[in-house]
Amino acid sequence: MAGRYYFDPSRVESLTEQQDQIAELAMSIQTDFRDGVFETAGWTGTAASTDEMSQKATERDREETQKVTATMTGFRDALSASTAAMKDQIYLVRQTRDTNLEGLHKYNSRTETDGAYGGGSGGRARH
């Protein structure tokens, strides 16, 4: 693998916060859409139960409303799943980093106490 891998948990965390906001906005748009559809629900005709054209328009309107709602819900769900996965990765990267730093600290402490090769001369022993 060429190059260098770099992962900045804070930057990615900032991105996940933005994605959470976008998911909330998607739901807000969906709510506004539903409210708007509710306000225009009767516009397909008042004789919907008897007039064939009104029946078709009412059915088409219902289907389109369901499709838009399903699309917005799917978008929100996909974005939420992506955000959750990113948050999991942030946790794993931080946990790995912290575990490795702790291990290095313990090793350095032992080296300072016991020497690099365990000779007990405060890190200056060489065999």
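The structure described here is a predicted model, in which local features need pLDDT of at least 70 and side-chain atom pairs count only at pLDDT 80 or more, while totals for chains, interfaces and linings use all residues. Residues are numbered from 1 along each chain as its sequence is written, and side-chain values use heavy atoms, with hydrogens and water left out.

**Helix packing**

- Helix α1 covers residues 9-39 and helix α2 covers residues 52-114, and the two pack at an angle of about 165 degrees with their axes 9 Å apart; helices here are DSSP runs of H or I with at least four residues, numbered from the N terminus, and axes are lines fitted to C-alpha atoms over the stretch in contact, with angles running from 0 to 180 degrees between N-to-C directions.
- That angle makes α1 roughly antiparallel to α2, a term that applies to angles over 145 degrees.
- The crossing of α1 and α2 is left-handed, meaning that the near helix is turned anticlockwise from the far one by less than a right angle.
- Sorted by class, the contact of α1 with α2 has 17 nonpolar, 10 polar and 7 charged residues, where Ala, Val, Leu, Ile, Met, Phe, Trp, Tyr, Cys and Pro count as nonpolar, Asp, Glu, Lys and Arg as charged, and the others, Gly among them, as polar.

**A salt bridge between the helices**

- The count comes to 7 salt bridges, each defined as a side-chain nitrogen of Lys or Arg within 4 Å of a carboxyl oxygen of Asp or Glu.
- One of them joins E13 to R94, with the closest N and O atoms 3.3 Å apart.
- Because E13 lies in helix α1 and R94 in helix α2, this pair ties together parts that are 81 residues apart in sequence.
- E13 counts as partly exposed at 31% relative accessibility, and R94 likewise counts as partly exposed, at 24%.

- E59 is partly exposed with a relative accessible area of 32%, and R62 counts as partly exposed at 39%.
- R76 forms a salt bridge with D77, for which the closest N and O atoms are 2.6 Å apart.
- R76 counts as partly exposed at 22% relative accessibility, and D77 counts as partly exposed at 40%.

Note on methods:
Angles under 35 degrees count as roughly parallel, over 145 as roughly antiparallel, 65 to 115 as roughly perpendicular and the rest as oblique. Buried means under 20% relative accessible area, exposed over 50%, partly exposed in between (1.4 Å probe, protein chains only).
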